[in-house]
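The sequence and the model are shown first.

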Amino acid sequence: MPFYRHALAGDAAASIAQVLESPFLTTGPRAAEVEKQICQFFDVAFAKLTSSWTQGAVATLLALDIGPGDEVIVPAMTFVATSNVVKQVGATPVFVDVDPDTLLIDIALTRAAVTSRTKAVIPVHLYGQMVDIPALREAVGPDVAIIEDAAHCFEGMRNGRRPGQDGDVAIFSFYATKNVTCGEGGAIITNNARLARTLVQTTLHGMSAGAAKRFEGGRYNHWDVARLGIKANLPDLLAVLLGPQITKVEERRRERQAIAERYTDRLAQTPLEIPRIDNASVSAYHLFPIFVPGGKRDLALQILSEREVGATVNYRSVTELTLYKNDPMINQQSFPHSTIWGEGTLTLPLFPGLTAAEQDLVCDVVVDEIVPLLSTNGGATKRGVI
Ligand SMILES: *Cc1c(COP(=O)(O)O)cnc(C)c1O
């Protein structure tokens, strides 16, 4: 059983064929249609499709004039791209630990980490559950930009609010395994008109006009570069895959939720732990991570792999990865929840189209073969005493 099976909506081959017939292989009218659809879905003023979350984030940091000497607060429990992009613009990622129950960035620790150099914070809507952005805003004050890492959370909500509505900007990933995908891609959304104008430049070399605009009015229009940008645009060839999935996003979210609830029921009476989803949250259920106590995570991964069940790890604490672990500025002792979770977590398959029979098979392996290995040492199986 695979960890993930994509389910592109609509007739993907026919939509790509249509683009091949058109003059625009790169960014053009089809990308613009999807940007409009994203603006409507999130009720925001501006959306820009990008070639990935990562490129979108670098372009955003550049647009916010974040660079050497600046600090950006990031959670230790996330995918490494969240902190790498900060390094890529020459700024310093400042890690904070996560809440042990939700695994979301700890807001009190974030408040304590703000200094006069702090330019931004990147809250991660981990596994599909949104961070409480209004509470984060209250903690960091009005001058620290909130850049939401919404790579896991296209369809999630908290208190009825969606990504991008309360932060300064939110960034999505349409990478191959994400809930909405076109293989490689991403999007930036914001309500800030000034930031939006700057993003048009920083996502395209710094140029003042994109390919379509350069030939607007049937003639060639000169362009200029007033600031540094990167190349981060998404071609129409990939953009056409997104529209039909966005239309179906709520239907698919319910399917994901039903699968997550079945896992939760089957694993309820075991020592395995599952992150808490707050009552205020509607999760996008991007991933279904569990915590395997007693130092048995790698053994569990081995058993799953022998039974041909696709499982991954999301994630080992970023602060444990060599690039960061060797950084003398990062105090390894400061991230106990992220570190412990990262040493014990694994992720089970969760995708629309996963059948009940397939899910039963996964649960049987976990309950019949992995759980019995955990119950031998009683109290020592709890997280925090691994
Ligand atoms: C996938 C992911 C990214 C990076 O997305 P790309 O589109 O592959 O650049 C960033 N943050 C998180 C939390 C992710 O899961």
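Two strands are taken as paired if DSSP finds at least two bridges between them. The model discussed here is predicted.

## Strand β7 and its neighbours

Strand β7 covers residues 169–173 and pairs with two other strands, β5 and β8. With β5 (residues 145–149) the pairing is parallel and has 3 bridges; Val169 of β7 is the bridge partner of Ile147. With β8 (residues 186–190) the strands run antiparallel and are joined by 4 bridges. In that pairing, Phe172 stands opposite Ala187 of β8.

Is β7 enclosed or open to the outside? Of its 5 residues, 5 are buried, so the strand is largely enclosed by the rest of the structure. This holds for both faces: Val169, Ile171 and Ser173 are buried on one side, and Ala170 and Phe172 on the other.

The chain is divided into domain 1, residues 10–246, and domain 2, residues 250–385. Their C-alpha centres are 27 Å apart. Domain 1 brings 34 residues to the contact and domain 2 brings 35 residues. About 2,900 Å² is buried between the two domains, and carbon and sulfur atoms give 57% of that area. On the domain 1 side, Phe95, Asp97 and Tyr127 supply 22% of the area buried against domain 2, more than any other three residues.

The rule finds 2 salt bridges across this interface, along with 23 residue pairs in polar contact. The elements α4 (81–88), β3 (92–96) and β6 (157–158) each give at least two residues to the side of domain 1 that touches domain 2.

## Helix α14

Helix α14 spans residues 336–344, and its buried residues are Ser338, Thr339, Trp341, Gly342 and Gly344. These buried residues pack against β10 (288–291), α12 (297–306) and β11 (345–348).

Ser338 has a relative accessibility of 0% and therefore counts as buried. Leaving out residues up to four places away in sequence, Ser338 touches Ala76, Met77, Asp97, Val98 and Ser317. One of these, Asp97, is also among the three residues that supply 22% of the area domain 1 buries against domain 2.

## Salt bridges

The structure holds 18 salt bridges. One of them joins Asp168 to Arg137, with the closest N and O atoms 2.7 Å apart. Asp168 is in the loop between β6 and β7 and Arg137 is in helix α6 (residues 133–140), so the pair ties together parts 31 residues apart in sequence. Asp168 is partly exposed at 25% relative accessible area, and Arg137 is partly exposed at 21%. Arg262 and Asp360 also meet in a salt bridge, at 3.1 Å from N to O. Arg262 is partly exposed at 32%, as is Asp360 at 29%.

Arg297 forms a salt bridge with Asp298, the closest N and O atoms being 2.8 Å apart. Here Arg297 is buried, with a relative accessible area of 7%, whereas Asp298 is exposed at 52%. Elsewhere, salt bridges with shared partners join Asp101, Arg158, Arg276 and Asp278 into one network.

Technical notes. Residues are numbered from 1 along each chain as its sequence is written. This is a predicted model: local features need pLDDT of at least 70, side-chain atom pairs count only at pLDDT 80 or more; totals for chains, interfaces and linings use all residues. Side-chain values use heavy atoms; hydrogens and water are left out. Buried means under 20% relative accessible area, exposed over 50%, partly exposed in between (1.4 Å probe, protein chains only). Domain bounds come from an automatic or database domain assignment. Contact means heavy atoms within 4.5 Å. Buried area is the accessible area (1.4 Å probe) that two parts lose on being put together, summed over both. A salt bridge is a side-chain nitrogen of Lys or Arg within 4 Å of a carboxyl oxygen of Asp or Glu. A polar contact is a pair of N or O atoms within 3.5 Å; within protein, one must be able to donate a hydrogen and the other to accept it, and residues adjacent in sequence count only if both atoms are side-chain atoms.
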